[in-house]
Amino acid sequence: MEYRRLGRSALAVSALGLGCMGMSDFYAHRDEQESLATIHLALDRGVTLLDTADMYGVGRNEELVGRAIRGHRHEVVLATKFGNVRAPDGTFLRVDGSPSYVRQACEASLRRLGVDAIDLYYQHRVDPGVPIEETVGALADLVRAGKVRHIGLSEAAPATIRRAHAVHPITALQTEYSLWTREAEGEVLQTCRELGIGFVAYSPLGRGFLTGRIGGPGDLAPDDARHGHPRFQGENLQANLALAQRLQALAAEHGCTAAQLALAWLLTKPGVVPIPGTKRRQYLEENLAATDVVLGAEEVERLEAALPPGAAAGARYPAGAMRSVHL
């Protein structure tokens with residue numbers, strides 16, 4: 001496994017991390033024992049970066065990850081997030097970046113994870129009602145208290161990143177980035193590189209769409225949250241299938257799967273660490289094999305021409321969720 005330093009920080013992580021969200025929420029066909037086995041296999045294969053959040057499963061995902069890493073804490077760079085507040089039944093309530101909530105959320109995550117400190121603690125979404133300086137100030141207090149080692153932001157706009165970084169060094173920005181979500185390639189990535197902030201790419205496989213295993217709405221379970229995403233609906237879905245087919249054709253030429261090609265493309269980007277999510281060992285093994293796929297400059301150009309920025313049809317989140325990104 002290759003390891004990459006996040007920006008100019010002292011934090012080094014595996015070139016591919018593991019997103020744990022789907023083990024507890026949003027996607028169907030969850031199996032806790034298989035999820036635990038998947039995390040253990042990831043650690044055996046040299047994956048160090050495990051990504052969770054307090055909102056995933058309303059705390060259950062942190063509990064799951066906490067059980068998985070018992071006896072393995074020294075092998076793990078543990079990343080979690082706060083700020084998206086949900087009711088016990090999963091109903092979304094608000095985004096909260098107030099200093100009092102920052103402290104409350106951190107204590108709850110430490111308890112669920114069963115650890116003394118969080119390696120990388122992200123603000124999951126920026127709270128428009130609280131100055132970012134106040135939120136990051138509270139996070140800096142947690143660093144000084146030894147409860148958090150590094151601070152991150154998720155889906156923050158360049159101006160917000162700069163204001164946050166002026167209060168306390170931001171180690172990583174986590175934002176959606178894949179062959180069908182390339183908006184970050186502009187000012188967001190430029191800002192991260194200028195300030196020495198690492199970039200963690202979530203949904204690097206387009207919520208599974210770029211794997212080629214989703215050919216229509218019937219391929220998703222009735223309770224799968226992706227039914228509510230515009231890119232998986234109606235005419236948008238049909239248009240996006242053409243993009244997935246282009247990727248599959250290029251992958252066949254290269255002798256790898258579409259998922260491996262999509263991840264290999266991201267791995268050519270300096271300072272970017274993808275965190276593909278999976279809850280099955282089979283797909284973990286497939287994803288990790290992407291580190292063996294070597295792409296030349298011409299192949300990268302072909303891929304980027306086949307799936308150019310803005311090519312995907314539909315917004316990447318439902319309207320309500322889109323209002324909380326890039327603030």
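Is Arg 4 buried or exposed, and what is its relative accessible area? Arg 4 is buried, with a relative accessible area of 12%, where buried means under 20% relative accessible area, exposed over 50% and partly exposed in between (1.4 Å probe, protein chains only). The model is predicted, so that local features need pLDDT of at least 70 and side-chain atom pairs count only at pLDDT 80 or more, while totals for chains, interfaces and linings use all residues. Residues are numbered from 1 along each chain as its sequence is written, and side-chain values use heavy atoms, with hydrogens and water left out.

**View 1. The salt bridge between Glu 2 and Arg 4.** The closest N and O atoms of this pair are 3.0 Å apart, a salt bridge being a side-chain nitrogen of Lys or Arg within 4 Å of a carboxyl oxygen of Asp or Glu. A search of the whole structure finds 23 salt bridges.

**View 2. Glu 32 and Arg 67 joined by a salt bridge.** The closest N and O atoms lie 3.0 Å apart. Glu 32 belongs to helix α1 (residues 32–44) and Arg 67 to helix α2 (residues 60–68), so the pair ties together parts that are 35 residues apart in sequence; helices are DSSP runs of H or I with at least four residues, numbered from the N terminus. Both side chains belong to partly exposed residues, Glu 32 with a relative accessible area of 42% and Arg 67 with 30%.

**View 3. Arg 163 and Glu 133 meeting in a salt bridge.** The N to O distance is 2.8 Å. Because Arg 163 lies in helix α5 (residues 158–167) and Glu 133 in helix α4 (residues 132–144), this pair ties together parts that are 30 residues apart in sequence. Arg 163 is partly exposed at 38% relative accessible area, and Glu 133 is partly exposed at 31%.

**View 4. A network of salt bridges.** Glu 155, Glu 176, Arg 207 and Arg 316 are linked in this network.

**View 5. The largest nonpolar core and Phe 199.** A nonpolar core is a set of buried Ala, Val, Leu, Ile, Met, Phe, Trp, Tyr and Cys residues joined through side-chain atoms within 4.5 Å. Among the 88 residues of the largest core, Leu 18, Tyr 121, Leu 173, Phe 199 and Leu 247 touch the most other members. Its largest share, nine residues, comes from helix α8 (residues 258–267). A second, separate core of 15 residues includes Leu 6, Tyr 122, Val 200 and Val 325.

Technical notes:
Helices (H or I, at least four residues) and strands (E, at least two) are DSSP runs, numbered from the N terminus.
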